[in-house]
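Please look over the model below before reading on. My notes follow as numbered points.

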Amino acid sequence: MSKIGILHPGEMGVSIAASAINSGHNVFWASENRSEETRARAEKHGLVDLKSLAELYKVCEIIICICPPHAAETMARQAIEHEFKGSYLDANAISPENAIKIGQMFGSKNIHFIDGGIIGGPAWEPKSTWLYLSGESASQIADCFANGPLETKIISAEIGKASALKMCYAAYSKGTTALLCAVLAAAESLGVREELYQHWDMDEAGFSEQVNRRATRVTAKAWRFEGEMKEISATFHATGMPVGFHEAAAEIYHRISGFKDTKPSPELTAVLRALLSK
C-alpha cells in the first residue's frame with residue numbers, strides 16, 4: 001500500500017485518485033489555496049486532506065501531477081523546493097522536450113521521475129482512459145492502478161516517450177476539433193453555414209450535428225487546450241514539421257476560453273460570436 005499525493009484533484013485528477021484508492025492505496029491532497037469546488041470533489045471521492053503542500057510532500061511516497069501544461073515546470077520546481085523524496089509522475093500534456101527537462105531537474109536531486117501521457121476523459125469506466133508511462137520507474141506507477149478502471153501501459157524506459165505519444169494523439173483529436181470550429185466560424189461569416197451542413201450530411205449522415213456538438217462541448221476545456229496546442233507546436237518544431245497548424249489551433253481555443261467550465265455547454269451561436277471576435 002503506497003501513500004500517493006495528487007496535485008491537484010480536478011475532474012481528471014480525482015478520477016485517477018479513485019483508481020488508486022480502488023487498487024488499495026491511500027491517496028492524499030492539500031487544500032491549501034484550493035477552491036471549495038476542489039475540496040468538495042476530493043471529499044466526495046475519499047481523498048485525505050493534509051492541508052499544506054509541505055505536509056503532502058513529506059508524507060507521500062508518490063506524487064502525481066495533473067495540471068494545465070503551462071504550470072508543469074512550476075509544480076516540479078515546487079516539489080524540489082519542498083525537498084520531496086520519492087517518485088514523481090508528470091502526467092501533463094507537455095512536449096517530450098519539456099518532459100526531458102523536468103526529468104533532468106528531478107534526476108539532479110535523486111528523485112525518481114516518470115513521464116506520463118493520459119489519453120481519454122476522466123477514468124470512470126474500464127477501457128476508456130489510458131495512462132501511458134515511460135521511465136525507469138514506470139512499473140511503480142502502473143502498480144498503483146492494478147485494479148482500474150484506469151488502464152496503464154508502459155511503452156519505454158526513456159523519458160519523453162509517453163509525452164510524445166500524447167502530443168501526437170492530441171495533435172489530431174483536439175487539433176481537428178479546433179479546425180472544425182474555425183470552419184464553422186468562417187462559414188458563418190461568409191453566410192454559407194447551412195449550405196455547408198447540407199453538403200456535409202450528403203457526404204456523411206449526421207456529420208453536421210457531430211461538428212456542432214464538438215464545437216460547443218470543447219468550450220469548457222478550451223482554456224487548457226490552448227496551452228496543449230502550444231506544446232504540440234513545440235513538439236512538431238523539434239521534429240522539423242510545420243508548426244502553423246497548432247499555433248492557429250491555440251488561437252482558436254484562446255478565443256473560446258471565456259467559456260471555462262460552463263455547464264451546460266453554450267449555444268453554438270455564442271461560440272461562433274466568440275470565434276469571430278478578434
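**Notes on the sheet, the cores and the rings**

1. Strand S1 (residues 3-7) and strand S2 (residues 26-29) run parallel and are joined by three bridges. Gly5 has Phe28 in S2 as its bridge partner. Helices (H or I, at least four residues) and strands (E, at least two) are DSSP runs, numbered from the N terminus.

2. A word on the source. This is a predicted model, in which local features need pLDDT of at least 70 and side-chain atom pairs count only at pLDDT 80 or more, while totals for chains, interfaces and linings use all residues. Residues are numbered from 1 along each chain as its sequence is written, and side-chain values use heavy atoms, with hydrogens and water left out.

3. What is the strand order of the open sheet? The eight strands run S3-S2-S1-S4-S5-S6-S7-S8, with mixed pairing. Two strands pair if DSSP finds at least two bridges between them. Strand S3 (48-49) and strand S8 (151-156) are the edge strands, and each pairs on one side only.

4. Helix H4 (residues 72-81) packs on this sheet. H4 touches S1, strand S4 (62-65) and S5, and its direction makes about 170° with that of S5. Such angles run from 0 to 180 degrees between N-to-C directions, with axes fitted to C-alpha atoms, for helices over the stretch in contact.

5. Now the largest nonpolar core. A core is a set of buried Ala, Val, Leu, Ile, Met, Phe, Trp, Tyr and Cys residues joined through side-chain atoms within 4.5 Å. Buried means under 20% relative accessible area, exposed over 50%, partly exposed in between (1.4 Å probe, protein chains only). This core has 32 residues; Leu184, Trp200 and Leu275 are among those with the most contacts inside it. Helices H7 (161-190) and H12 (268-275) are among the elements that give it two or more residues. H7 supplies the largest share, eight residues.

6. Leu275 is in contact (heavy atoms within 4.5 Å) with Cys181, Ala185, Ile252, Arg255 and Ile256, leaving aside its neighbours within four places in sequence. A second, separate core has 27 residues, including Ile62 and Leu89.

7. There are seven aromatic pairs. Rings of Phe, Tyr and Trp (its six-membered ring) pair if their centres lie within 6.5 Å; planes under 30 degrees apart count as stacked, over 60 as edge-to-face and the rest as tilted. Tyr88 and Phe106 form a tilted pair, 4.4 Å centre to centre with 35° between the planes. Tyr88 lies in strand S5 (residues 87-90) and Phe106 in helix H5 (residues 96-107), 18 residues apart. Both Tyr88 and Phe106 are buried. With Phe113, they form one aromatic cluster.
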